[in-house]
Amino acid sequence: MTHEIAVIPGDGIGQEVTPAAVEVLESLDIDFEFAEAEAGDAVKAETGEALPQETYDLAASADATLFGAAGDTAADVILPLRGAVDSFVNVRPAKAYPGVDAVRPETDLVFLRENTEGVYAGHEDRLTQDVSTLTRVVTESASERLAEFACDYVSGDEHDGFTVAHKANVMRETDGLFRDTVRDVADENGVETDEVLMDAFATRVCLDPTQFDVVVCPNLAGDVLSDLAAGLVGGLGLLPSANIGPERALFEPVHGTAPDIAGEGVANPAATIVSAAMLLEYLGYDDQAAAVNEAVEATLADGPRTPDLGGGASTEDVTEAIIDRL
Ligand code: NAI
Ligand code: MG
C-alpha cells in the first residue's frame, strides 16, 4: 500500500530539519510517495500568499503531512493547515532523554490538547475604546471527540488512565461541560481518570512531573502547560507534535524557524524525526516508529550532538547517525 505524504518544510530551519526527517522515512522499507509544497514567509514574499491553495489542497488530501516551521506567517500557515486535516487533537509528548540536560530528567508526559475551540475559537470583540471581550466556546461534541481519542490512547499497557486538567471551579459552564463530558466518556469506556485544576497542575508538574502521565486539556491550557513541560525537559529541538484528524494528520516539531541558526546546517533534527516517528505510528507502522525513537534516543545519549545540546555536529551528521542505528 502506498502512502502519500505531503512535505511542507516552510522557512528557516524547517528547510533543514524536514528533509532530514524525510531521509529517515526513506531509509525504511515502506512505500511512501512524498509530495513537497511551499508555505511561509518565503513563498509569501514571492506570491503574496503564505499558504498557497495547492499546499492547502495537498495537506487536505494526503494521508499525512510533515510540516517544518513558518516564520512571521506561522499563524497564517499552521492554523489553516490544522484545519485542512480537520485536526481535533494536538498530541504533544514532553519527555526528557537520557544524557540530555533537563530541569526535570524524570519527565515523561503526553498532553492531549483540544485543538479547535476554547478561547482560540476566534470570537474576540472590541466593545468600546476601553473594553474588549472574548467568548470562550466549549462544545460537548468536541469534548467527546477528544475524550474518545484519549481513551483509545491510554488503552495499551503503558498507561493507567489519564488526568483531566481544567479550571471548572471558576469557568463552571465551559470547563464544567468539558470536564463532565470527558469524565462521562471515560466512565463509559472503563478508563480511569483523575482531575487537577490547571494552575495547581503548573506547580505540581514542576515539583514532581512523575505524578502525571497523560494529561487531557482544553485548548489554551494545553498550549501553555505543554510549553511549561517543554521547559522541564530542556531544548526545543527535541519536542515533536501531532495534529490528528478523523482521516488524516499533520506532524510538526514544536519549535519555530530558529532564525539565529538558520542556514548554518546545525539545527537539531530530533524533534522533526520524532514527529516522523509519530507519523509512522499513526499509519500503523508501530515497529518502525519504535525503531526510529530508539535510534534517536541512542544518538542523543551517545552522540553525535548538535550545538544546542553542547555538541559540534551538523544536522546531517546527526541524521546519518540515526539512520545508521536503524
Ligand atoms: P524558535 O523555536 O524558532 O527558536 C527559539 C530558540 O530555540 C532559538 O534560539 C533557536 O535557535 C532554538 N531552536 C529551536 N529549534 C531548534 C532546533 N531544532 N535545533 C537547535 N536549536 C533550536 O522560536 P522563536 O525564536 O520564538 O521564533 C522564531 C520564528 O519562528 C518566528 O518567526 C515565529 O513566528 C516562528 N515560529 C513558528 C512556529 C511554527 O511554524 N509552528 C512555532 C514557533 C515559532
Ligand atoms: Mg504554543
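## Helix 1 and its neighbours

Helix 1 and helix 11 run roughly parallel to each other, because their angle falls under the 35 degrees that this label requires. What you have above is a predicted model, in which local features need pLDDT of at least 70, side-chain atom pairs count only at pLDDT 80 or more, and totals for chains, interfaces and linings use all residues. Residues are numbered from 1 along each chain as its sequence is written, chains are lettered from A and ligands numbered from 1 in the order in which they are written, and side-chain values use heavy atoms, with hydrogens and water left out.

Helices here are DSSP runs (H or I, at least four residues) and strands are E runs of at least two, numbered from the N terminus. Two packed helices are described by the angle between their axes and the distance between the axes. For helix 1 and helix 11 (residues 315–325), that's about 20° and 10 Å. The axes are lines fitted to C-alpha atoms over the stretch in contact, with angles from 0 to 180 degrees between N-to-C directions. The crossing of this pair is right-handed, meaning the near helix is turned clockwise from the far one by less than a right angle.

Who touches whom? Glu-16, Ala-20, Glu-23 and Val-24 of helix 1 meet Thr-315, Glu-316, Thr-319, Ile-322 and Ile-323 of helix 11, where contact means heavy atoms within 4.5 Å. Sorted by class, that contact has four nonpolar, two polar and three charged residues.

Now turn to helix 9 (residues 270–282). Its axis and that of helix 1 (residues 14–26) come within 8 Å and cross at roughly 45°. On the helix 1 side, the contact is made by Val-17, Thr-18, Ala-20, Ala-21, Val-24 and Leu-25, and on the helix 9 side by Thr-272, Ile-273, Ala-276 and Leu-280. Eight of these residues are nonpolar, two are polar and none is charged.

Next, find ligand 1. It is surrounded by 21 residues, each with a heavy atom within 4 Å of it; Ala-70, Gly-256, Ala-258, Asp-260 and Asn-268 are the closest.

Finally, check a loop. Between helix 10 (286–302) and helix 11 sits Pro-304, and the peptide bond from Gly-303 to Pro-304 is cis, with omega near 0°.

Note on methods: Nonpolar A, V, L, I, M, F, W, Y, C, P; charged D, E, K, R; others polar. Parallel < 35°, antiparallel > 145°, perpendicular 65-115°, else oblique.
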